[in-house]
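Welcome! Take a moment to look over the sequence and the model, and then we can walk through them together.

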There are 2 protein chains.
Amino acid sequence: MTTRKKTRYIVGVDVGGTNIAVAALDESGANTYGLRSEPTRADQGSEAVVDHMVRMIDTAIAETIAETGAKRSAFAGVGVGAPGPLDRERGVVLVAPNLGWHNLALRDIIADRVGLTATLDNDANCATLGEWWLGAARGGRNVVGMTIGTGIGGGLILDGKLYHGSSDVAGEIGHMTIDSTGRWCKCGNYGCLEQYASGTAIARRAREALTADSDSLMHRMVDGALDSLTAALVYEAAKQGDMLAIEVVHDTARFLGAGVANILNIFNPDVVVIAGGVTQAGEALFEPLEREVRRRAFKAAVDAARIVPGTLPGTAGIVGAVATFKQQALGAV
Amino acid sequence: MTTRKKTRYIVGVDVGGTNIAVAALDESGANTYGLRSEPTRADQGSEAVVDHMVRMIDTAIAETIAETGAKRSAFAGVGVGAPGPLDRERGVVLVAPNLGWHNLALRDIIADRVGLTATLDNDANCATLGEWWLGAARGGRNVVGMTIGTGIGGGLILDGKLYHGSSDVAGEIGHMTIDSTGRWCKCGNYGCLEQYASGTAIARRAREALTADSDSLMHRMVDGALDSLTAALVYEAAKQGDMLAIEVVHDTARFLGAGVANILNIFNPDVVVIAGGVTQAGEALFEPLEREVRRRAFKAAVDAARIVPGTLPGTAGIVGAVATFKQQALGAV
C-alpha cells in the first residue's frame, strides 16, 4: 500500500461590521479558492449573519472541491477572525458594537454548523498574522500591525508568536493616548491615536478645517455636503494640490508618527505594517510619517524597523484567520 | 560514593550613575549575602568604576564564603545590570551617558577579571525581573515594570519571559509620548511620559508652580532655594497639607495614569509594578493613579491588572541581575 501526502485545506473567515469575507487556502498558503466578500447586513440580527457566514463557508468549500478535486475530508477546519473583545479560550465574541453581538459563542456555532473544527481570534490579530505569513511582514520576528479604517486596530507578533495579553485585549494601539488632554474618544479615554489618525478622524479634521476655508477643492468635491467627505476624498484632493487637504494629510502623518514612534520605543519591532484605506495615499503618507518617526523615536529602534504598507488588502484578515487556525489547531504556521 | 546536591551561588551587580550595588544570592533566592551599595564615582573613569565593581564582587564572594562555608567553586557566575542601550549578544554597553561609557565590553571584562561566567542585561529589565522573581510581581505572566527616578525606565515580561525587542531597546516606557505637542525631552521627542512623571519632572512642575505662589510650604522647606526642591520634598509638603504640593502630586497621578492606561491597552498585563522613590508616597499616589487608569483604559484590561508598588527597593536590580543570569546562563529561573 502506498500513501500520498494529501493537500489539506483551511477556510478563513473575516467578519466585520461592513463585510463578510471568506476563502479557502491550501495549507501552504500558495493557493486561494472561492474568495468572496459580501455585505454583513448586521441589522438582520446575529442568527441571520451566522447563517450567511455558514452559507459562504459551504460555498467556498464547494468551489474548492470543484476546482481541485479534493475530498471534503481534506478540509482541516475553519479559522474565524471577528471584532473583539473576545474570550478566545471559550471561543466567544464578548461585545461587537458594529455587529450588535453580545456573548456570541461564534467558534462552536460555526464548528457545529459546518461540521469542522473552528478557531476564533481578533480580526486585527488575524490581519497582522496574515501580513506576517504571506504579506509585507514576512520574515519579521517582532511585528506590530495597524489597520487604519473607521478606527485603528492593532495586532502584535512578539518573538514569532501572536501576543494576546492576560485577557485577550492586548494590542489596542488605536486607544493609545498621544495627547492626554486631547479629543474625547468613545472608549472613554482622551487623546486616543484613533481620534487623530483613523479614516474617520482624517475626514473630521478636514471638515473642521473647511468651515474656515470655503475655497478648498474639497468643498466642490462634495458639493458643499461636508458630511459626505471621506478620508479617501481628502487624499484625492491632496493629490490634486489642494493646500488644505495637503495640510490635513501632513498632520495625519505627524499624529500617526507620534503613535508609531511610541510603538518603536516600546516594542522595538523589526516590522510595522500599516494596512487599511489610508495606505493608498502611498508616499504622501509614508514619507512624512517616516520623517516624524525618525524625529521622535530612539535611533536604535528606528534603525531596526521597517515601516511598510500591507500587501494583502482585502485578504489579510482571511489569510490570518487561516494562519491562526494553523497555529491554534495544527500547532504551527 | 555519595553525592549531595550543593547550593550554588550567583552574584548580582546593579551599576548606575549614582551607586554600585552588589550581593550574592543562593540559587533559590532565599538568602542574600554581602549586600553593599557604594557611590559609583563615574567621574573617575570607566576603568576605575570597573575596578570598583570587581572589588565589590570579590568582597561579596568572600563574605558569602565566610558566612556559609561554601567553596569558591559553588559560585555559578555574575549577573550584571547596567544602563542601556546595550548589545546584549556581545555583552557591550553601547552608551551610558550618566557613566560616560561608550562601547564598553562590560560582560567579558567582568568575566575575565572575576574568573566566572557573566551575563549583562538592561538595569530596568533586571529590576522588573527581580520584582517578578522575588517581589511584587510574583506569579505574573505578563508584567510591565516601571522604575521612576531621575527618568522613567521600563521592563517587559511577556508570556513569562523578558522581552527585549529586535535590537535590545524595547520597553522604553518613559519615552512614550502622552502629549504629542508637549514638553521637549532630551531624547529628541516631545511629550515623553518622563517629562511629566519622573522625579525630576515632579520637582520641576512644583518649581514652575511656585513662581506664582510664594505662600507654599515648599518655599520654606528649601529656604527659597527652588533649585534644591526634590520630588521627595513635594510629597512631604503634600503630606503636610500644602495645597500646591497636593495639586502637583495629583497632576503626577493623572500623567502617570495616562501612561499606565496606555500600557494596559497595549500590553494587557496582569501586573504593573512601579518602583522608585516616588512610590514612597503610597496611597497619595496610587489611589488617584488607579482612578485615572480606570477612567482611561479598557475595562477588560483594568480588571486583568493589578498596579502595585515594588517590594524590593534597593535590591530589585541585584535580584533581577541574578535572575537574568539564571535565565541566560542556566536556562531557567
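**How the two copies meet**

Of the interface residues of chain B, 100% are also interface residues in chain A, so the copies meet through the same surface; contact here means heavy atoms within 4.5 Å. This is a predicted model, in which local features need pLDDT of at least 70 and side-chain atom pairs count only at pLDDT 80 or more, while totals for chains, interfaces and linings use all residues. Residues are numbered from 1 along each chain as its sequence is written, chains are lettered from A and ligands numbered from 1 in the order in which they are written, and side-chain values use heavy atoms, with hydrogens and water left out.

Now let us turn to one strand. Strand 12 of chain B covers residues 271-275, and five of its five residues are buried, so the strand is largely enclosed by the rest of the structure. Buried means under 20% relative accessible area, with a 1.4 Å probe and protein chains only; strands are DSSP runs (E, at least two residues), numbered from the N terminus. On one side lie Val271(B), Val273(B) and Ala275(B), on the other Val272(B) and Ile274(B), and all are buried.

What does this strand pair with? Strand 9 of chain B (residues 143-148) pairs with strand 12 of chain B in the parallel sense over five bridges; pairing requires that DSSP finds at least two bridges between two strands. Here Val272(B) is the bridge partner of Val144(B). Strand 13 of chain B (residues 306-309) also runs parallel to strand 12 of chain B, joined by four bridges, and in strand 13 the partner of Val272(B) is Ile307(B).

Key: Buried < 20%, exposed > 50% of the residue type's maximum accessible area, 1.4 Å probe, protein only.
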